[in-house]
Amino acid sequence: MLAPFLGCRSHTDNKRDGSPVKPVGKAAHVGPAPRAHQRTEASRIQEKFSPAPASAQDAQKPATNGVLVQTKQGMEQEEENHGSLEITTAGLLNGDMGCAERSDDLSPPHVERTVSERNAENNAGNKAETEQRTEEASTNHNETKEQKLFKIASELLHTEKAYVARLHLLDQVFCSKLMEEANKGTFPVDVVKNIFSNISSIHAFHSQFLLPDLEKRMDEWASTPRIGDILQRFTPFLKMYAEYVKNFDNAMELLKQWSDRSPQFKAIILEIQSQEVCGCLTLQHHMLEPVQRIPRYEMLLKDYLKKLPDKHPDERDAQKSLEIIATAATHSNSAIRKSENLKKLMEIYEMLGEEEDIVNPSNEFIREGHILKLAARNTSAMERYLFLFNNMLLYCVPKFSLGGPKYTVRTRIGIEGMTVRETSNEDYPHTFQVSGKERTLELQASSEQDKAGWIKAFQETIEVFQQKNESFKNALKEVEEVSKAELGKRAPRWIRDNEVTMCMKCKESFNALTRRRHHCRACGYVVCWKCSDNKAPLEYDGNKMNKVCRDCYSTLTGERVTEDGKKERKGILEIEAAKFTESSIICGFLQHSDKGKLWQKVWCVIPEKDSLVLYLYGAPQDVKAQGSIPLVGYSVDESNRSTDPSHSFHLSQSKSVHYFAAENDEAKQRWLKVIRVAVTGETPERPHGNDANANMSDDNAQEADAT
């Protein structure tokens with residue numbers, strides 16, 4: 001359990017520590033939590049830097065720390081109005097001990113404001129200016145800066161404690177539990193390793209080195225009031241974040257893939273997420289914390305440098321630390337933007353009823369909104385909704401129903417070849433036209449400003465798309481093509497990295513985090529990691545296995561590779577049923593139903609060469625299968641619905657459910673014996689005494705021969 005890492009802190013604790021108290025909110029920063037009934041070195045230091053109210057009369061005067069002194073009466077009123085403060089688990093799990101965001105204002109809060117001060121604020125109309133004037137009126141500016149430096153250091157320590165708790169959750173709970181199950185053979189160990197990358201190293205660094213040093217420094221703050229030297233000593237180790245950030249997209253993809261594929265994998269994650277320590281947040285949310293941590297260091301360090309007095313001995317170390325952290329933060333910010341985009345894509349995916357395949361790292365959300373579509377045959381206008389992406393426009397119709405999907409996609413229009421222009425219509429103002437290869441739309445915006453916003457968004461999207469395509473086409477013109485006859489027999493000329501901005505196969509844009517450049521060793525094209533995730537022997541390199549693009553892989557090996565990089569057998573559905581039947585583990589007629597469709601008789605085959613796939617044919621001599629079911633990861637269930645025929649069973653995985661029914665119980669058990677092995681990923685054996693048609697009844701065999 002992570003209870004020791006995730007303790008709550010009350011309003012009373014804050015007062016005992018001597019730290020200025022702020023309500024937990026957008027810009028609240030909570031100081032370190034002391035041990036009960038003990039005066040720590042840090043609390044004594046803060047008492048030194050925190051001014052105490054002298055009298056009720058002084059409460060009307062600016063205090064030395066740049067804020068109004070709070071009287072005892074005001075403190076009691078504040079507690080009566082707001083009660084004690086608590087930091088909730090969810091707030092702590094944000095990595096900032098309840099701080100959702102950080103404010104530039106690091107001074108204690110103004111709890112009770114005098115009439116004169118409220119009038120001053122109203123006249124100025126700007127809270128920041130009022131605080132600035134108050135600070136300028138401070139009688140002791142140096143003391144204010146010392147206090148602010150201490151508060152920044154305290155905040156760094158507290159956010160570090162919360163961050164270490166999050167790392168513990170990722171490393172010692174999620175990763176450990178999944179690895180424990182993976183070692184049983186339920187799913188591959190490498191999957192868990194690739195999802196969590198080097199999180200164990202990051203956890204060890206922060207929990208064993210950085211956090212203990214920060215705690216020790218805060219206890220010694222009176223004699224050594226600085227943190228720059230600690231950060232300067234440890235910032236080189238922050239380079240380990242590059243590996244985690246680079247792997248982040250791949251981790252998210254594996255997490256989604258195996259949650260769908262393995263019920264045990266998904267169950268472990270859901271069980272941990274249901275615990276209180278997770279704060280009702282998903283594993284994906286927790287995994288984003290290391291990506292966000294480096295920019296927070298940068299933000300705190302910038303504030304710290306801003307508050308340092310001139311020629312402070314810590315200035316040099318703090319400045320060096322900031323330079324290193326700022327470089328690392330650049331990469332983290334890119335990953336954060338990428339993750340935010342994927343989150344938005346998932347929201348749109350759910351709004352569309354999970355029917356449109358748009359959750360892809362190459363898709364970038366641009367703009368969305370209500371629009372009116374002018375009818376071509378009359379003067380009516382219909383309500384529509386648009387989703388604009390970097391490569392397409394989704395033209396949608398709102399669904400007027402309670403719950404469920406909000407929109408239905410009417411048309412998907414590609415950005416390639418798209419044009420946009422203003423139009424004039426006497427009856428309908430604010431109109432413009434979007435014309436693509438798939439369809440032309442005349443649309444009406446809600447205002448001239450809305451119209452201008454849409455036109456600008458379309459124009460910029462089209463321009464960026466065209467620029468990327470131009471660089472792609474220019475690179476293609478310079479390629480010295482390797483003929484298919486010579487492919488792999490002679491070394492190609494490699495396209496230079498700087499000559500392209502996108503993968504020359506799938507056209508997805510390159511970036512430093514998620515789309516690195518690779519070269520196909522057969523044709524020399526620059527491709528992304530997905531399109532180069534194949535290996536083939538090349539004759540010019542002594543038939544050694546080399547990375548090649550999917551097209552070259554298909555040419556050299558005869559196997560096809562889909563656009564998502566998955567290999568599929570040549571002619572996977574085009575192979576004749578008779579050829580599969582001749583060398584099958586099991587085959588025969590079964591009744592089949594899925595997605596609420598009517599039951600129909602199909603010829604089912606599990607071939608020896610592809611023993612983990614069930615092929616469905618209309619008849620034993622069909623030249624093409626109606627479909628195929630990759631059995632790995634499916635659950636097998638013999639329970640029957642009231643409407644199911646006798647001897648039925650069903651296969652389920654995620655939202656996919658296939659119902660089958662055999663002619664008799666003996667045939668059903670033969671099928672189940674084979675399928676139960678196949679769903680685990682193991683190669684099933686042919687049932688005892690089974691040949692190509694042994695599992696069919698005489699009637700089925702006669703029907704097969706007649707066909």
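Modeller: L156, I227, L231, Y297, L300, L301 and Y304 line the second largest cavity (a cavity is a set of points on a 1 Å grid over the protein atoms alone where a 1.4 Å probe fits but cannot get out; lining residues have an atom within 4 Å of a point). This is a predicted model: local features need pLDDT of at least 70, side-chain atom pairs count only at pLDDT 80 or more, and totals for chains, interfaces and linings use all residues. Residues are numbered from 1 along each chain as its sequence is written, and side-chain values use heavy atoms, with hydrogens and water left out.

Colleague: Which helix gives the most to that lining?

Modeller: Helix α14 (residues 289-307), with four residues. Helices are DSSP runs of H or I, at least four residues, numbered from the N terminus.

Colleague: And how much space lies in the second largest cavity?

Modeller: About 40 Å³, the volume being the space filled by probe spheres set on the points, which are joined across faces, edges and corners.

Colleague: Switching to R217: buried or exposed?

Modeller: R217 counts as buried, at 11% relative accessibility (buried is under 20% relative accessible area, 1.4 Å probe, protein chains only). R217 lies in helix α9 (residues 199-219).

Colleague: What is R217 in contact with?

Modeller: Leaving aside neighbours within four places in sequence, T224, R226, I227, D229 and I230; contact means heavy atoms within 4.5 Å. I227 is also one of the residues lining the second largest cavity.

Notes: 1 Å grid on protein atoms, 1.4 Å probe; cavity = no way out; pocket = protein on both sides within 12 Å on 5 of 7 lines; lining within 4 Å. Helix = DSSP H or I, 4+ residues; strand = E, 2+ residues; numbered from the N terminus. Buried < 20%, exposed > 50% of the residue type's maximum accessible area, 1.4 Å probe, protein only.
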